[in-house]
Amino acid sequence: MTPDPKEYSKINIPILTTTGYFDDDQLGAMYYYKNHIKYNPNMDHYLVIGPYDHYGPQGYITSEVMGVKIDPVAELNLNEICFQWFDYILKGKSKPDFLKGKINYEVMGNNIWKSANSMQEFDRTKVKYYLGEGLKLGENKSGKLAFTTLSVNFKDRSDVDKFVLTDNPELVNESIQEKDNSLLFTTDTFEKDAELTGSFSASLNFSVNKKDCDIVAELYQLLPDGKYFLLSSYLNRASYAKDRSKRQLLTPGKKETIPVTGTPFVSKKIEKGSKLLLKIGVKKSPAWQINYGTGKDVSTETIEDAGAPMEIKWYNDSFIEIPLKK
């Protein structure tokens, strides 16, 4: 069910949305939330979001999520809050004390709930990092245009055993999979603690020798102990990135710009001694349909369409914007 703007403006029922940073359906929940408050801004619509998977927001909160122990304050009795919400709406009782603002979120690692009244509050904290030379994420844009090249050979299946397909993925890992099909850009080490709260966005400038590609970007915290904490991710078919309703094939060798928006929301303490790492590349996995870039219907492509290796040039005027409170 996808309401249009006029229909959103007429949805006048009070709503309490609950979701999690690692909920597979977070993007759907946030899509409806953002559109409702966009087209009906005065509505009684509240959001609770925390370090949960798909089941936590339904009231099944556990002390550990995807291998990570959550903060004590995140172990809510969410069902009780929901019943208080119904009493507030249906019986005229007081609004639940927990709902301090329209958006209520837990800062992982800080053991604290915070609130805000609009998503724009998080957008105002965004820091721009450019995909610089030497695989650096830097705040200063280079005066000279340059690029870093990634080559992916879709004919080669020798890496298939590198992929661990599991129903129980973990947030923290010793290493990063798919490194061969991606480039890893890192910031300098954080000299002080910071807070990352919100959704990252980006403007990716690149050229590719094919008519299409499936772009994947993952944002990690490189912890002081050398482990990787997956914060948020993005996956999209380049030919649909600008308009999901109409496929627009790429021109091989032509510099293109892909806007990255709508990534998962997350809130976490970024400890002193950490770095932020952006893994960016193309999706090549036995668990996913492979886009060989011929421009044909991807479901009809086979390994016979692989042809020459896919070569992508990532330009240094590309940038990622990360919501950070330093």
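This is a predicted model: local features need pLDDT of at least 70, side-chain atom pairs count only at pLDDT 80 or more; totals for chains, interfaces and linings use all residues.
**View 1. The aromatic pair of Tyr 105 and Phe 265.** The rings of Tyr 105 and Phe 265 are arranged edge-to-face, with centres 6.3 Å apart and planes at 70 degrees. Tyr 105 belongs to strand β5 (residues 103-107), whereas Phe 265 lies in the loop between β16 (256-260) and β17 (266-270). The pair thus links distant parts of the chain, 160 residues apart. Both residues, Tyr 105 and Phe 265, are buried. Ring pairs join Tyr 105 and Phe 265 with Tyr 21, Phe 22 and Phe 122 in a cluster. The model contains 15 aromatic pairs.

**View 2. Lysine side chains over aromatic rings.** Lys 128 is placed over the face of Phe 319, 4.3 Å from the ring centre. Lys 255 lies over the face of Tyr 315, at 4.9 Å from the ring centre.

**View 3. The nonpolar cores.** The largest nonpolar core comprises 76 residues. Those with the most contacts inside this core are Tyr 105, Leu 196, Phe 206, Cys 213, Trp 314, Ile 320 and Leu 324. A second, separate core has six residues, among them Ile 176, Tyr 220, Tyr 228 and Leu 277. In soluble globular proteins, nonpolar side chains tend to be buried together.

View 4. The buried residues of α2 are Gln 26, Met 30, Tyr 33, Asn 35 and His 36. The elements covering these buried residues include α1 (5-9), β1 (15-20), β2 (45-50) and β5.

Methods. Residues are numbered from 1 along each chain as its sequence is written. Side-chain values use heavy atoms; hydrogens and water are left out. Rings of Phe, Tyr and Trp (its six-membered ring) pair if their centres lie within 6.5 Å; planes under 30 degrees apart count as stacked, over 60 as edge-to-face and the rest as tilted. Helices (H or I, at least four residues) and strands (E, at least two) are DSSP runs, numbered from the N terminus. Buried means under 20% relative accessible area, exposed over 50%, partly exposed in between (1.4 Å probe, protein chains only). A charge sits over a ring if NZ of Lys or CZ of Arg is within 6 Å of the ring centre and within 35 degrees of the ring normal. A nonpolar core is a set of buried Ala, Val, Leu, Ile, Met, Phe, Trp, Tyr and Cys residues joined through side-chain atoms within 4.5 Å. Contact means heavy atoms within 4.5 Å.
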